[in-house]
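Hi,

Here is the structure I promised to pass on. Have a look at it first, and then read on for what turned up.

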Amino acid sequence: MTDAAATGALNKSERPLLIIYTDYKPVIKSHIRDLAKEVGHPTDIYQPDVCSEDPIPNATCSSESKMAGSIRSCTCKTNYRDVPLDVVSVNNTCLVNGSWTPPLINCTGPYIRLTTPSTSTYTFQQISASNLHTITGGTSTMVFLVKACHDANFALHTSPNNYTTDVYEVGFGGYANTKSFIGECIQCSIMDSHIESSIVSCNEYRPFWLSWKNGVISAGRGPVAGTQKFMQWTPTQAIVINHVSISTYINNPEEKLFTDDDPG
């Protein structure tokens, strides 16, 4: 009996398994399957892992596998966020070159996220005592990211939810996003200001800081307090600041991400 006849005499289950090591190009895979069928071999296309599972800082990832075409889902840990993308979760696909499709998530934080709704009146929302301590770390300074079309405003005040006496007003991007200011009370005389158009944005988070240390009210841009300062005022008789409230004036929703500065 010839070798071909002997092979044909074997039933399908008795034929040796032909394992093909290949890449992931569909044309090559299809060609190999067709060839295997012609010679009567069952086939299994071996697909080795190609994408790495390097950990992503501050995120938890899960994937179907690490083979080309598989999907990986990465989610930021609680209170972390990809600020430029403004998301907390991203899905990526494994490519044949061993990389994951962009964008890869970049989780930063932790943040305290506070929002102010669109309202028809100029109202403030007081930051809770626990959140304020977390944001400031028990100091008199806060660093934050804000996304608003205009008027990322603060009230620094002595008594809870009291905005008529013993209160200062600080605004970033007021006057239709043309001027930032420090006021001696709500909608009162401006004690210092900074003229700059479009300092805040409807579409992206921008970093700023605010300080009331030692009775001096100061503010600037960037993620490091005390740098790039553009406003400062020293009241002649400083009030005691026990509370901080936020607002975005009228008909202007806003999101603020406050840096968690609590050492605990």
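Let's start with the cysteines. Cys188 is partly exposed, with a relative accessible area of 35% (partly exposed sits between buried, under 20%, and exposed, over 50%, using a 1.4 Å probe and protein chains only). Its partner is Cys185, and the two sulfurs of this disulfide are 1.5 Å apart. Cys185 is buried, at 18%. The torsion about the S-S bond of Cys185 and Cys188 is about -105 degrees, so this disulfide is left-handed.

Before going further, a word on the source: this is a predicted model, where local features need pLDDT of at least 70 and side-chain atom pairs count only at pLDDT 80 or more, while totals for chains, interfaces and linings use all residues. Residues are numbered from 1 along each chain as its sequence is written, and side-chain values use heavy atoms, with hydrogens and water left out.

Back to the disulfides (pairs of cysteine sulfur atoms within 2.5 Å). The count comes to 5, and with bonded cysteines counted along the chain the pattern is 1-5, 2-3, 4-6, 7-10, 8-9. Another one joins Cys149 to Cys202, S to S 2.0 Å. Cys149 lies in the loop between β8 and β9 (152-157) and Cys202 in the loop between β12 (190-195) and β13 (206-211), so the pair ties together parts that are 53 residues apart in sequence. Strands here are DSSP runs of E, at least two residues, and helices are runs of H or I, at least four residues, numbered from the N terminus. With a torsion of about 135 degrees, the link of Cys149 and Cys202 is right-handed.

Cys61 and Cys74 are also joined, with S to S 2.0 Å. Cys61 is in strand β3 (residues 59-63) and Cys74 in strand β4, so parts 13 residues apart in sequence are tied together. Cys74 is buried at 0% relative accessibility, whereas Cys61 is partly exposed at 30%.

Next, the charged pairs. Side chains of opposite charge can pair when their charged atoms come close. There are 6 salt bridges in the structure (a side-chain nitrogen of Lys or Arg within 4 Å of a carboxyl oxygen of Asp or Glu). In one of them, the closest N and O atoms of Asp86 and Lys147 are 2.5 Å apart. This pair links distant parts of the chain, 61 residues apart: Asp86 is in the loop between β4 (71-76) and β5, and Lys147 is in strand β8 (residues 141-147). Arg81 joins Asp86 and Lys147 in a network of salt bridges. The salt bridge between Lys256 and Glu254 spans 2.4 Å, N to O; Lys256 is buried at 0%, and Glu254 is buried at 2%.

Finally, the backbone. Most residues other than glycine have a negative phi, and most peptide bonds are trans. So where are the cis bonds here? One joins Pro102 and Pro103, with omega about 0 degrees, and another runs from Gly109 to Pro110. Pro103 lies in the loop between β5 (89-93) and β6 (111-116), and Pro110 is found in the loop between β5 and β6 as well. As for positive phi, Asn177 in helix α4 (residues 174-177) has a value near 65 degrees, and Gln228 has about 50 degrees. Asn177 is buried, at 8%, while Gln228 is partly exposed, at 49%.

Cheers
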